[in-house]
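Student: I want to learn how to read a ligand site and an aromatic pair. Where do we begin?

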Amino acid sequence: MSGIVKKESFKTERLVIIGLGLIGGSLACALQKARAEGRVSITTIVGCNRSLEGLKSAQKNGLIDEFNTNAAEAVKDADIVILGVPVLSIRPTLELIRDHLKPGAIVSDVGSVKQPVVDDMRELLSDANVHCVPAHPIAGSEQSGVTAAQVDLFNNRKVILAPINGSSPESIEQIDLMWRATGAELFQMDVSEHDRVLAATSHLPHLLAFSLVDTLANQDQGWDVFKYAAGGFRDFSRIAASDPQMWHDIFLSNRDAVVEALDLFSSDLAKLRQNLLDEDGESMIEVFKRAKAARDHFAQQFQKTGSDVE
Ligand code: NAD
């Protein structure tokens with residue numbers, strides 16, 4: 001991962017966000033704030049969802065200047081198109097818009113998995129005379145939809161860029177400057193490394209939280225276990241309230257890396273289970289001590305940047 005340092009401010013005429021939900025809406029909101037403060041120059045921010053739901057109130061609340069429910073129409077004069085849709089909706093959206101993009105336009109996304117997006121953009125947009133700069137903001141929440149949008153969601157958070165070969169340095173700089181205007185810190189990262197790291201640090205914890213909460217809920221249909229839940233369970237289970245469809249898309253799109261992380265974890269968990277059966281407290285304490293030291297070390301970083309939830 002390498003840091004990028006840029007100084008100029010973000011300028012564009014027409015920026016279209018397809019998939020105006022938590023992430024797309026928060027981006028629109030942060031850019032509107034930056035525009036109001038004179039830190040960026042954007043003529044028009046357009047929101048696009050398949051239904052009108054959310055778009056009208058997003059316009060009324062000043063997140064977007066215009067909206068359109070037709071993605072092909074929305075992108076016609078766009079200088080920058082950001083795909084804020086769930087990961088498995090990115091390919092069909094690219095198919096919808098590719099013949100309608102303006103030559104020289106920049107196409108980016110916010111998907112949590114990068115390899116399939118990079119592959120799809122390469123395959124579907126190579127003849128479209130556009131620049132592709134896939135991106136992933138490492139910030140979010142268990143809430144979804146534009147009503148959950150937060151103006152400071154990306155402030156002091158990391159955004160990873162995975163530009164596709166052939167994308168101009170200017171297009172990379174544009175997406176870099178756009179995210180920088182939201183308060184984010186920018187990095188570039190190898191795509192397979194990105195998917196492997198995120199599988200371990202984000203995707204696996206979500207899988208475990210979904211699974212644990214489901215196991216406990218099935219075991220106890222009266223849900224008394226939740227009634228007496230202590231803080232530890234509340235903290236750990238919070239991410240199980242995340243959007244099921246979004247996570248379905250993420251797990252299936254990053255299957256191999258998630259399975260690799262899951263196998264490693266399962267093997268360590270099996271060792272811990274055996275330690276417990278053997279009443280081998282010494283080995284258990286060794287694991288807990290190592291885990292505590294690692295968590296304490298990272299807690300200092302979390303304090304600096306806020307907790308990166310995704
Ligand atoms: P969301 O459900 O809040 O928003 C998705 C939006 O896309 C919704 O408005 C939905 O109506 C719209 N949409 C879905 N399919 C569409 C289609 N085919 N055409 C047009 N609009 C469509 O989800 P979100 O949390 O904002 O996540 C969006 C993207 O951001 C996903 O790719 C996700 O992987 C990524 N992401 C999410 C988080 C997070 O924590 N939520 C963090 C980083 C990245």
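Tutor: Begin with the polar contact: a pair of N or O atoms within 3.5 Å; within protein, one must be able to donate a hydrogen and the other to accept it, and residues adjacent in sequence count only if both atoms are side-chain atoms. Here, a ligand nitrogen is 3.3 Å from an N or O atom in the Arg50 side chain. This is a predicted model: local features need pLDDT of at least 70, side-chain atom pairs count only at pLDDT 80 or more, and totals for chains, interfaces and linings use all residues. Residues are numbered from 1 along each chain as its sequence is written, and side-chain values use heavy atoms, with hydrogens and water left out.

Student: Which backbone atoms lie 2.8 Å or 3.4 Å from an oxygen atom of the ligand?

Tutor: A backbone N or O atom of Val85 lies at 2.8 Å. A polar backbone atom of Ser141 is at 3.4 Å.

Student: How much of the ligand's accessible area does the protein cover?

Tutor: Accessible areas come from the Shrake-Rupley method with a 1.4 Å probe; for residues, only the protein chains shown count as cover. On its own the ligand has 830 Å², and the protein covers 88% of that.

Student: How do I read an aromatic pair?

Tutor: Use the distance of the centres and the angle of the planes. Rings of Phe, Tyr and Trp (its six-membered ring) pair if their centres lie within 6.5 Å; planes under 30 degrees apart are stacked, over 60 edge-to-face, the rest tilted. This structure holds two such pairs. One of them, Phe154 with Trp179, is edge-to-face, at 4.9 Å centre to centre and 85° between the planes.
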